[in-house]
Amino acid sequence: MRYRFSLAYLTVMEVEPPEAVQIAADTGYQHVGLRLWPAGTEAPFAIFTDQKVYQATQQALAETGITVADIEIIRLNAQFQASNTQAFLECGAGLGAKHILVAGDDPDLTRCTDNFAAFCELAAQYQMTADLEFMPWTQVPNLKTALQVIHQAQQTNAGLLIDALHFARSASTLAELATVDPALIHYLQFCDAPLHYEHSTEGLIHTARAERLMPGDGELDLLSLFTAVPKGEDLVVSLEIPQKERSNTVPAQQRAAEALQKMQSLLKQLE
C-alpha cells in the first residue's frame, strides 16, 4: 500500500503558511495541512485575512508541488450556520484543499448532525470532504458517537478522522475501528504520547495542542492502531505533533523532518 504524508498545521504552527509549504517540500512530505479559522481564542489567521499571505501560499504550493491535504477548523456548536462558512470554503478551494477538519461541539446531537449534513452539502460544492474528528473533551467524544453522526447525516462526502492521541484517550476500541467502512477514512492524524495522562479537560486540551510526542517516542500502540484502520488503496497520514516548549529550541524544519523519519521507521515494522 502507498502512503502519502502531510505536515499538519500544529506541527509547525509557529511558521507562516508559505514557509510551512516549503518545509514540507524540503523534508519529504507530499502534502500540508493549513489552519484558516481559529480553534479557540486565537486571532484570525493571516492566510484568511491577508491577501498577500494567501497569494504567497498559493505561489509556494505551485513552486514546490506540495498540495493541501486538509484545512482547519469547522466547529459545529449551537450557533453554527453552514451558510457562514462560504468564505472559508472559497479560501480552501483556492488553495486546492481536499479535506476539512470538523469538530462536534454541540450538546444537542440531533442539531449537530443536521448542521454536519448541511455543511457536507456545502463542502461538496467545492469538491471537499468534511471529516469529523472525535475528541474526548468535545460533544463528539469517541468513535461510536462520531459514526452515529456521520451515518445519520447520510452525505457521500462525510468522513471520519482518526487521531492517534484522541483515539487512545477516548472510549473507543480497535475492534470498533476495524468495522468502519474504509470509504469514510480520507486521512489520519498520527503522533505518540504517554499512556498515563491528565484526565481534566484542560489537561487533555493542553497535551493535544502543545505536548505530543514523535512516533515511537511514547507508549501508544501505534502499530496496532495503524493496522486496525480500514484502508483504501491510497492513504494520507498527517503528522500532527505540536511541541510548544521544544519549538523554542528546535527549528520547525528539524522537527518536521524528525516526525516524518520516525513515522516511516515505525511503518517499516509492518513490512
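**Note on the predicted model: fold, cavities and local geometry**

1. Overall architecture. The protein has 11 helices and 8 strands. Its radius of gyration is 17 Å, close to the 18 Å that the globule rule gives for 271 residues, so the protein is as compact as a globular protein of that length. Taken along the principal axes, the C-alpha atoms fill a box of roughly 45 × 45 × 40 Å. The model is a predicted one, and the values in this note should be read accordingly.

2. Of the 271 residues in the protein, 54% are buried. Among contacts with a separation of 6 or more, 82% are between residues 24 or more positions apart.

3. The largest cavity. The structure holds 2 cavities of 30 Å³ or more. The largest of them has a volume of about 140 Å³. Its lining consists of 16 residues, and those closest to the centre are L10, R35, M135, R209 and E240. Which elements each supply at least two residues of this lining? They are β3 (67-76) and α9 (201-210). The largest share, 3 residues, comes from β3. In composition, the lining divides into 7 nonpolar, 2 polar and 7 charged residues.

4. The second largest cavity. This cavity has a volume of about 50 Å³. The residues that line it are P136, W137, L165, H166, R169, Y197, E198, G203, L204, T207 and A208. Two or more of these residues are given by each of α7 (164-169) and α9. The largest share, 4 residues, comes from α9. Here the lining divides into 6 nonpolar, 3 polar and 2 charged residues.

5. Helix α6. This helix spans residues 143-153, and its buried residues are L143, T145, A146, L147, V149, I150 and A153. An α-helix has 3.6 residues a turn, so residues three or four places apart point the same way. The buried residues of α6 pack against α5, β5, β6 (158-163), α7 and α8 (174-178). One of these partners, α7, also contributes to the lining of the second largest cavity. At the start of α6, a side-chain oxygen of N142 reaches to within 3.4 Å of the backbone nitrogen of K144.

6. Residue H99. The side chains of H99 and T129 are joined by a polar contact of 2.7 Å. Neighbours within four places in sequence aside, H99 is in contact with A69, D70, I71, T129, D131, H186 and Y187.

7. Backbone geometry to check. Most residues other than glycine have a negative phi, and most peptide bonds are trans. The peptide bond from E72 to I73 is cis, with omega near -15°, and I73 lies in strand β3. Strand β3 is also the element with the largest share of the lining of the largest cavity. The residue Q127 has a positive phi, near 60°.

8. Exposed loop residues. Where does Q127 lie? Q127 is in the loop between α5 and β5, and this residue is exposed, with a relative accessible area of 64%. Q125 lies in that loop too, between α5 (109-124) and β5 (129-133). With a relative accessible area of 53%, Q125 counts as exposed because the cut-off is over 50%. The C-alpha atoms of Q125 and A93, 32 residues apart along the chain, are separated by 9.9 Å. Q154 is placed in the loop between α6 and β6, and Q154 is exposed as well, at a relative accessible area of 67%.

Note on methods
Residues numbered from 1 in each chain as written. Predicted model: local features only at pLDDT ≥ 70, side-chain atom pairs only at ≥ 80, totals over all residues. Heavy atoms only, no water. Buried < 20%, exposed > 50% of the residue type's maximum accessible area, 1.4 Å probe, protein only. 1 Å grid on protein atoms, 1.4 Å probe; cavity = no way out; pocket = protein on both sides within 12 Å on 5 of 7 lines; lining within 4 Å. Points joined across faces, edges and corners; volume = space filled by probe spheres on them. Nonpolar A, V, L, I, M, F, W, Y, C, P; charged D, E, K, R; others polar. Polar contact = N/O pair within 3.5 Å; in protein donor to acceptor, adjacent residues only side chain to side chain. Contact = heavy atoms within 4.5 Å. Rg over C-alpha atoms; globule rule 2.2 N^0.38 Å.
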